Amino acid sequence: MTPEASAIANELLKHHNRVCRAFEGLSPEDITDRMVEQSVMFYGSLCERAGVPYLTHGVGRLLGEIAEWCEASGWPPLNSLAVNRATGMPGLGYDGAPGSDLLHWPEQVRQCIAFAGYPETVAD
């Protein structure tokens, strides 16, 4: 994984740990739309927090690397937490990422939110 993708993945992992852990123990089916709204992160905020604000408009490639890492590990796509501020959903590039399907994003983001098996950080 590139250093930029690792920085974004680590920020998503911190965010998941801080926000989504509140829903630990719930099944994906129990995750409400409101919980999804509370759990997602806008691309701009994600890039800013990860220290790569200049990548906001090109973050899709990096989120694809994160999706590949998740799929190889057998985890729900952590990249599903990253969304466009205007739509509240991932962009069209989500479809091209491993294990990610825009039509199934509502289920995938709920699986991500409910998942308790992510590591604390990306291993170097």
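Visitor: What share of the 124 residues in the chain is buried?

Guide: Buried means under 20% relative accessible area, exposed over 50%, and partly exposed in between, with a 1.4 Å probe and protein chains only. Here, buried residues make up 44% of the 124. This is a predicted model: local features need pLDDT of at least 70, side-chain atom pairs count only at pLDDT 80 or more, and totals for chains, interfaces and linings use all residues. Residues are numbered from 1 along each chain as its sequence is written, and side-chain values use heavy atoms, with hydrogens and water left out.

Visitor: How many helices and strands does the chain have?

Guide: Helices (H or I, at least four residues) and strands (E, at least two) are DSSP runs, numbered from the N terminus. This chain has five helices and two strands. Their order from the N terminus is α-α-β-α-α-β-α.

Visitor: Why is the chain called as compact as a globular protein of that length?

Guide: The radius of gyration is taken over C-alpha atoms, and the globule rule is 2.2 Å times the number of residues to the power 0.38. For 124 residues the rule gives 14 Å; the chain has 13 Å, close to that, so it is as compact as a globular protein of that length. The C-alpha trace spans about 35 × 30 × 25 Å along its principal axes.

Visitor: Which residues touch the most other members of the largest nonpolar core?

Guide: A nonpolar core is a set of buried Ala, Val, Leu, Ile, Met, Phe, Trp, Tyr and Cys residues joined through side-chain atoms within 4.5 Å. The largest one holds 37 residues, and Ile8, Leu12, Leu63, Ile66 and Leu78 touch the most other members. Elements that each supply at least two residues include helix 1 (3–19), helix 4 (59–73) and strand 2 (82–83). Helix 4 gives the largest share, six residues.

Visitor: What does Ile66 touch?

Guide: Contact means heavy atoms within 4.5 Å. Leaving aside residues up to four places away in sequence, Ile66 touches Met1, Ala5, Ile8, Ala9, Leu12, Leu78 and Asn79. Across the chain, of contacts with a separation of 6 or more, 68% join residues 24 or more positions apart.
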